[in-house]
Amino acid sequence: MSPATTRALFAGTIFTSAFLLFLVQPLIAKQILPWFGGSAAVWSICMVFFQVVLLAGYAYSDWATRRLGARAQAAVHAGLLMASLAFMPIVTDARWKPTGAEDPTLWILGLLLGTIGLPYFLLSTTGPLVQSWVARTPWGAQVYRYFSLSNFASLASLLAYPVLIEPRSSLVQQAWGWSAGYVAFVLLCGGTALHVSRRWPAAAPVAASGVPIAQAAKPAAGDYLMWLALPALGSWLLLAITNHLTQNVAAIPFLWVLPLSVYLLTFVLTFESDRWYRRAVFVPLAAAMLALCAFGLQDNLGTRLRTALPIYVVGLFALCMFLHGETARLRPGGAYLTRFYLMLSLGGALGGVSVGLIAPHVLPAYYELGVGLTLCALIAAVLWRQRRVGMVASLGLAAACAWFLVLQVQGDAAGARRMQRNFYGTLLTLDTLRGDAKEAVRQMYHGSVKHGEQYLAAARRREPTTYYGRTSGIGLAIESAPARPRRVGLIGLGAGTLAAYGRTGDVYRVYEINPEVFTLADSEFSFLADSRARIERVLGDARLALERESPKSFDVLAVDAFSGDSVPIHLITCEAMDIYWKHMRPDGIVAFHVTNRFLALAPVVEKIALAKGLHVAFVHDEPTDPGLRNTDWVLVARDPAVLARDPIRRASSDIAPIPGLQAWTDDYNDLFSVLK
């Protein structure tokens, strides 16, 4: 085999593994999102799992290169590769569906381990292991360029999935396509291992400088600490900025792609060669963005989409260029290559675990970004400890970041009555005055999205507010229902506003996945307690609960889960519509709340309804009452006469079509196609 062919074999193996490594992440996350209410936290938990397994893969690579000869490495690795084929295809088993009583974090981690654990582990070993083999070849001095290639492949995979793969293939096709790619990777990686074990069975690694390893400098203890701390902060900032953007700025379900792409790009640039990272450029830029990002935490500048998005994305780029650039400057010779990658992976896992697993249990809101920014300034002080001016400036910057964090905490505490955080995000209640006392309201927010409000005046506390006024689509649906005692289903509770429509004899059955929402609806609002209807509660994902239940004969079912957060797609598919109608009376109405600043969901509901032979009425409401908001509701009925009733017919209007839009199913859906 010629040198050019050998290099191509190395590059192909590394590129394929990294591409598949990042392709499986959105693919598997999308499969399990419906089982956990479409919560954005699912992605954070998946990221933690991927980082921890990556760490295990790097530890294995370090152990294998230090303890096993080339031929033993090839034999062990080939055996594991063959065993991993037992996991194919990567389709999640229905036995992993939660019942609602499980801890979602532990359940997701167990599910991922049982579904893609070994294949993902072996993909994660490929980068450092193959690069250790490259270090034994005559061109071993260029080994770190393969790390840059690996990150480039990851970036390409990340961008290809939502743009090229997801819109053109179903989930089943994606799973089988990925599985076929993995089989090809197994053959490619096995061939590479066999070739190295035969061609260079006892060759010693070459240092990055090109000199023999015996002459290469041994890393100091401080180097090991920096290999750990710098990537840990990069990972911390990635998740913290993603959380800040998706929870406090805009509930756009794609905002995790942009920060992760920027994060990977910095690895590509800093490890491709030394020409990209220049201290004279990136240290001042990182310091400026650090201060601006910290200031934004307690100022409207950091919570408005038009300003926050560029600030935090540019800030992440500048800070990760600094963190990863300094990491690249500390890269060792080939003998310590796998240990270097092990420490990088350990640091990434520590950063991910801190933000993804620990922060939700110890911080009442999303304060991890402020903490991370402060730590970045402190790590800079450590780096410049030999330079008095640099160290003093870094400590001053750390103090400023800490002060802005304190202001953020004080600002939240000053306005909040209650603030609670769990797997599903942060819930906040606060009181707001509008003119005189009769206009005072108590509001509930989930991140940046309002989930309901109630007038504080006793005479007005039973009035429907926000999205649920009597002229809204849901108001018309309930008011036009037959006069008999009504059965109404509610998917998504919020403050419990719709219970205000309850009459004596009515039954309102509420499906809510977040237990803290029930807690706040009972303790901070009185809609449920004041309702004349009998209130039934179901904790857990609504669709999974409805699948298990016997028919409920609802007159109205309100599907109210799309105004913010990560859109739970599994509640707006053809299969979901079938489940809803199992529980409806023949003259019932399923009402979809599709008010959303970023997504046009009304055409999606219409396409699904038409595919199922159902009829729709689109109600866009612009009330003049200050306690009500502009809303969009799509009412779906089996009987067209139901939607021809006067209040609904007069309020109905046409839905603007989206060219090429198909009816969404569990297997095929595409949020990019409905972006406004």
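Lysine 612 forms a salt bridge with aspartate 578, and the closest N and O atoms of the pair are 3.0 Å apart. Because lysine 612 lies in the loop between α19 and β10 while aspartate 578 belongs to helix α18, this pair ties together parts that are 34 residues apart in sequence. Lysine 612 is partly exposed, at 33% relative accessibility, and aspartate 578 is likewise partly exposed, at 40%. The model in which this pair is found is a predicted one.

In total, the structure holds 26 salt bridges. Side chains of opposite charge can pair when their charged atoms come close. Glutamate 439 is located in strand β3 and arginine 460 in the loop between β4 and α14, so the bridge ties together parts that are 21 residues apart in sequence. Glutamate 439 has a relative accessible area of 21% and is partly exposed, whereas arginine 460 is buried, with a value of 16%. The line between these two classes is drawn at 20% relative accessible area, under which a residue counts as buried.

A further salt bridge joins arginine 649 to aspartate 646, with the closest N and O atoms 2.5 Å apart. Both residues lie in helix α21 (residues 646-651), where they are 3 residues apart, or about one turn of the helix. An α-helix has 3.6 residues a turn, so residues three or four places apart point the same way. Arginine 649 is partly exposed at 47% relative accessibility, as is aspartate 646 at 39%. Salt bridges also link Arg417, Arg418, Asp431, Arg442 and Glu524 in a network.

Strand pairing was examined next. Strands of a sheet pair through backbone hydrogen bonds, either parallel or antiparallel. Strand β2 (residues 425-434) and strand β3 (residues 436-446) run antiparallel and are joined by 7 bridges. Within this pair, leucine 428 stands opposite tyrosine 445 of β3. The hairpin of β2 and β3 has 1 residue between the strands, and glycine 435 takes a positive phi near 75° there. Strand β3 is also joined to strand β4 (residues 449-455), by 6 bridges in an antiparallel arrangement; here valine 441 stands opposite tyrosine 455 in β4.

An open sheet contains 8 strands in the order β7-β6-β5-β8-β9-β11-β10-β12, with mixed pairing. Its edge strands are β7 (534-539) and β12 (652-653), each of which pairs on one side only. Inside this order, strand β10 (residues 615-621) runs antiparallel to β11, and 7 bridges join the two. Valine 619 has tryptophan 633 in β11 as its bridge partner.

Strand β11 (residues 631-637) also includes threonine 631, which counts as buried because its relative accessibility is 1%. Beyond its neighbours within four places in sequence, threonine 631 is in contact with Thr466, Tyr467, Ser472, His593, Thr595, Val619, His620 and Asp621. Helix α18 (residues 574-582) has Cys574, Ala576, Met577, Ile579, Tyr580 and Trp581 as its buried residues. These pack against β5 (487-491), α17, β8, β9 (584-593), α19 (602-611) and β11.

Threonine 466, one of the contacts of threonine 631, has a positive phi of about 50° although it is not a glycine. Threonine 466 lies in the loop between β4 and α14 (473-479) and is buried, at 2% relative accessibility. Serine 553, also a residue other than glycine, has a positive phi near 55°. Its position is in the loop between α17 (542-548) and β8 (554-559), where serine 553 is partly exposed, at 32%. A cis peptide bond, with omega about -10°, joins methionine 88 and proline 89; proline 89 is placed in the loop between α3 (70-84) and α4 (104-134).

The count of disulfides is 0. The sulfur of cysteine 376 has its closest cysteine sulfur in cysteine 320, 7.9 Å away, which is too far for a bond, given that a disulfide requires sulfur atoms within 2.5 Å. Cysteine 376 is buried, at 2% relative accessibility, and cysteine 46 is buried at 0%.

Valine 172, which lies in helix α6 (residues 171-199), is partly exposed at 42% relative accessibility.

Methods: Residues are numbered from 1 along each chain as its sequence is written. This is a predicted model: local features need pLDDT of at least 70, side-chain atom pairs count only at pLDDT 80 or more; totals for chains, interfaces and linings use all residues. Side-chain values use heavy atoms; hydrogens and water are left out. Helices (H or I, at least four residues) and strands (E, at least two) are DSSP runs, numbered from the N terminus. Buried means under 20% relative accessible area, exposed over 50%, partly exposed in between (1.4 Å probe, protein chains only). Contact means heavy atoms within 4.5 Å. Two strands pair if DSSP finds at least two bridges between them. A salt bridge is a side-chain nitrogen of Lys or Arg within 4 Å of a carboxyl oxygen of Asp or Glu.
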